[in-house]
Structures are given as structure tokens and as C-alpha cells.
Amino acid sequence: MKSRRSLPLLLLLLFTFCIGIFAIDDVSAAQRKRKGSGNASLTNMEKSTMIYIREEEKLARDVYIKMYEVWGATIFSNISVSEQRHMDAVLNLLIKYGVPDPALSNPVGVFTNADLQQLYTDLVSQGTESLLDAFYVGRAIEIMDIDDLEGAMEETNKADLDNVYGNLLNGSYNHLDAFNTHIANLTQ
Ligand SMILES: [Fe+2]
């Protein structure tokens, strides 16, 4: 009699215990899921692209700084400020994912990536020929950036990377429009 009365109580206790276990398991699973989505590691491709784009934005900034020194055209100083913001946005991503910054303490015109270093030299050389050439250099840089940013967006499924690259892409389209207008003003 005693054991039959205890059985429902035992079942109730067991049920409560199981609910508790499942509840704890659900909470920890949810915590793991949140943590995973916030700190998901980068693929090697996402990482190398992020490093490249950080320096590619520096290339744009540094060439425009140089072109402003040579020609004094305000378009170059205005857009170089925008490129600095682009560099900062990518730096925030590098920091978030613990990726070393390739542009760290490199002065204007100095790059870790040898291809970008050579490109800087070539573009500054071309842009020093004439003001029109400088605008052509600006157009070439923005077309290159647009292509690379679209590629970067295609290869990632991370919302934070996609968002930053998308903002940079919009900026590049605006810069391209500005350079095209300046080219048209000198050639038409
Ligand atoms: Fe740009």
C-alpha cells in the first residue's frame, strides 16, 4: 500500500527531474548556438580575402592621398577620407575574428602584399602624368574594388562580412560615379 501510494510521487519526481534535465540541455544548446553564430571561425578563403581587402582599401586611400598631393583636386582628398572609413570597417572585422592586420603601422605607400605594392607604384606613376590620367587611375581602382568586393560577398555566408563588404561596394559605386563625372568634364 505504501509503495503504491509512493509510485505516483516517484513518477512525478522522475518526470520533474527529466523536464529539468531537458530544460538545462535546451538552455546549453541555445547558448552554444548563440556563441557559435557570434564567433564562427572564418574559412581560409574568407580570411585571405579579408586580409586582401583591408590592403586593397589602403591602396585606394594611399593613391588618392598621393594624387591630392600632386594635383590638389578635392575629389582625391574627399574620397581618401571615405577609403579610410572602409579600411577601419575591415579592421573591425579583422579584430573581431582575431586575424592579424596586414596594414598595421605601414605608412602611406607601403604594403605587405607584393602585388599591391607594385600596383601602387604603377598607379601613382600613371596618375602623375596628367590630371585626366589621375581620374582614370581612380576609375580603374574603383572598378577593381567593385569586382573584388562582389567576389568577396559571393564566397561568404556570414552576415557581418556581407554587410561590411556591401557598404564598401556602395561606396565604390559612388566613387566610380564621381570619377566618371570628372573624366567627362575634362573630355567632353
Ligand atoms: Fe573607393
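Start with the core: in its set of 15 residues, the largest nonpolar one here, V63 and Y64 touch the most other members. A nonpolar core means a set of buried Ala, Val, Leu, Ile, Met, Phe, Trp, Tyr and Cys residues joined through C-beta atoms within 7 Å. Buried, in turn, takes 20 or more other C-beta atoms within 10 Å of a residue's own; 12 or fewer makes it exposed, anything in between partly exposed, and C-beta atoms are placed from the backbone. Helix 2 (44-71), helix 3, helix 4 and helix 5 (131-155) each supply at least two residues of this core, and helix 2 gives the most, with five residues. As a general matter, nonpolar side chains tend to be buried together in soluble globular proteins.

Before going on, a word on the model. It is predicted, so local features need pLDDT of at least 70 and side-chain atom pairs count only at pLDDT 80 or more, while totals for chains, interfaces and linings use all residues. Residues are numbered from 1 along each chain as its sequence is written. The average pLDDT (the predictor's confidence in each residue, from 0 to 100) is 87, and 79% of the residues score at least 70. A contact here is a pair of residues whose C-beta atoms, placed from the backbone, lie within 7 Å.

Helices (H or I, at least four residues) and strands (E, at least two) are DSSP runs, numbered from the N terminus. Of the 188 residues, 25% are buried. Take the contacts between residues at least 6 apart in sequence, and 72% of them join residues at least 24 apart.

Leaving out residues up to four places away in sequence, V63 touches Y120, L123, V124, G127, V137 and I141. Y64 sits in helix 2, and on the same terms it touches F76, I79, S80, E83 and G138. There is also a second, separate core of twelve residues, with I53, V90, L93 and L161 among them.

Just after the helix, G98 takes a positive phi of about 65 degrees.

Two C-alpha pairs are worth checking in the viewer:

| Pair | Apart in sequence | C-alpha to C-alpha |
|---|---|---|
| Y64 and S80 | 16 residues | 5.6 Å |
| S77 and I65 | twelve residues | 6.3 Å |

How do the residues picked out here compare for burial? Y64 counts as buried because it has 27 C-beta neighbours inside 10 Å. S77, with 14 such neighbours inside 10 Å, counts as partly exposed. S105 has 6 inside 10 Å and therefore counts as exposed. S105 lies in the loop between helix 3 (74-96) and helix 4 (114-127), and its phi is near 60 degrees, a positive value in a residue other than glycine.

Conventions
Contact = placed C-beta atoms within 7 Å.
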